[in-house]
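Please look over the sequence and the structure shown here before reading on. The report is meant to be read beside them.

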Amino acid sequence: MILENISSNKAFNGWHKQYTHPSKLLHCTMRFAIYLPPQATPENKVPVLYWLSGLTCNDENFMQKAGALKIAAELGIAIVVPDTSPRGDDVPDDKAYDLGMGAGFYVNATEAPWNTHYQMYDYVLYELPKLIEEHFPVNSVRAISGHSMGGHGALVLALRNPNVYRSASAFSPICDPLHCPWGIKAMRAYLGKNTDNWSQYNASELIKNSGSTLPILVDQGDNDPFLSTQLNPETFINAAKNKNYPLTFNMQHGFDHSYYFISSFIEEHLRFHAVYLKS
């Protein structure tokens, strides 16, 4: 597998780098970003936080806007940010922003024309970490986090794979995609009309049957324009309460859906993950 380094920037005595690589799973060239803190050396491999971004985003949004690198450098945590979908001239797309390129929803598509390329669940779970652990001074200790569509992906991946991740967190996640316009549109396109197949990508359903106690932290702004129409956190909260799941949920007054919100609380999330990544 060939990695091509397309940018390198020193930050807080660590390095932010972007790479492209041919993906066997997605059948296209993918791009990701990695931040390696100054502690990362071949003799001292560091744990990794995987960040999944939201609709229309790519690897650059979080790395440039979240303000996470200073704290990651202090804590000795690498951060890896994949793109939000496959991209390329041969990759199916849709004219709308909430389907197709930039909107992979971190599922394994089963329906044509999406199923050839849109295997983002397996990419994040298998292919990308294998690549990262082979080529960079990191270990196999992982946490996962994300925003909006990426928050949905982070919760789903963590709840389905509690032995892979030490902790999970999310900002403004899509908590119940079976019952919101974004989720219904994407799930129907990628997974077909049988809604039984959608539940495996619904955090509110997954937590009901979870046998794990993986630590989960969620922050949500109460001034988020998508709160009542798309995100439905109360469904996730109620399911966690009924299960006695150890969820920490914070409703943050006055905050919206933007990276102003994420940057305000990213330090708390990184310190939350550090407790479990370093234990």
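What follows is a report on a predicted model, arranged by topic.

Strand S1 (residues 4-11) and strand S2 (residues 14-23) run antiparallel and are joined by seven bridges, with Ser 7 standing opposite Gln 18 in S2. The two strands form a hairpin with two residues between them, and in this turn Phe 12 has a positive phi of about 50°.

S2 is also joined to strand S3 (residues 28-36), again in an antiparallel manner, by nine bridges, and Pro 22 has Thr 29 in S3 as its bridge partner. The hairpin of S2 and S3 has four residues between the strands, and His 27, which is placed in the loop between S2 and S3, takes a positive phi near 55°. Strand S2, which pairs with S1 and with S3, is mostly covered, since seven of its 10 residues are buried.

## Salt bridges

A search of the whole structure finds nine salt bridges. One of them brings together the side chains of Glu 74 and Arg 271, with 3.0 Å from N to O. Because Glu 74 lies in helix H2 (residues 69-75) and Arg 271 in helix H9 (residues 259-277), this pair ties together parts that are 197 residues apart in sequence. Glu 74 counts as partly exposed at 49% relative accessibility, and Arg 271 likewise counts as partly exposed, at 32%.

Another salt bridge is formed by Lys 185 with Asp 98, whose closest N and O atoms are 2.8 Å apart. This pair also links distant parts of the chain, for Lys 185 is in helix H5 and Asp 98 is in the loop between strand S5 (78-82) and helix H3 (120-135), 87 residues apart. Lys 185 is partly exposed, with a relative accessible area of 32%, whereas Asp 98 has a relative accessible area of 9% and is therefore buried, the cut-off being under 20%. In a further salt bridge the side chains of Glu 133 and Arg 142 meet at 3.3 Å, N to O; here Glu 133 is partly exposed, with a relative accessible area of 23%, while Arg 142 is buried, with a relative accessible area of 12%. Salt bridges that share partners also join Arg 31, Asp 59 and Glu 60 into one network.

Where in the chain is Ser 172 found? Ser 172 is in the loop between strand S7 (165-171) and helix H5 (181-191). Is Ser 172 buried or exposed? At 0% relative accessibility, Ser 172 counts as buried, because buried means under 20%.

Leaving aside neighbours within four places in sequence, the residues in contact with Ser 172 include His 147 and Ser 148, then Asp 219, Gln 220, Asp 224 and Leu 231, and also Asp 256, His 257 and Phe 261.

## The largest pocket

The largest pocket has a volume of about 180 Å³ and is lined by 14 residues. Of these, Leu 55, Thr 56, Cys 57, His 147 and His 257 lie nearest the centre of the pocket. His 147 and His 257 are also in contact with Ser 172. By residue type, the lining of the largest pocket divides into six nonpolar, seven polar and one charged.

## Backbone features to check

Most residues other than glycine have a negative phi, and most peptide bonds are trans.

The peptide bond from Ala 112 to Pro 113 is cis, with omega near 0°, and Pro 113 has its place in the loop between S5 and H3. Asp 98, the salt-bridge partner of Lys 185, is in the loop between S5 and H3 as well. Asn 244, although it is not a glycine, has a positive phi of about 60°, and Asn 244 is found in the loop between helix H8 (233-243) and strand S9 (247-252). With a relative accessible area of 70%, Asn 244 is exposed, because the cut-off for exposed residues is over 50%. His 27, in the loop between S2 and S3, is a residue other than glycine with a positive phi, near 55°.

Conventions: Residues are numbered from 1 along each chain as its sequence is written. This is a predicted model: local features need pLDDT of at least 70, side-chain atom pairs count only at pLDDT 80 or more; totals for chains, interfaces and linings use all residues. Side-chain values use heavy atoms; hydrogens and water are left out. Buried means under 20% relative accessible area, exposed over 50%, partly exposed in between (1.4 Å probe, protein chains only). Contact means heavy atoms within 4.5 Å. A salt bridge is a side-chain nitrogen of Lys or Arg within 4 Å of a carboxyl oxygen of Asp or Glu. On a 1 Å grid over the protein atoms alone, a cavity is a set of points where a 1.4 Å probe fits but cannot get out, and a pocket is an open set with protein on both sides within 12 Å along at least five of seven lines; lining residues have an atom within 4 Å of a point. Grid points are joined across faces, edges and corners, and a volume is the space filled by probe spheres set on the points. Ala, Val, Leu, Ile, Met, Phe, Trp, Tyr, Cys and Pro count as nonpolar, Asp, Glu, Lys and Arg as charged, and the others, Gly among them, as polar. Two strands pair if DSSP finds at least two bridges between them.
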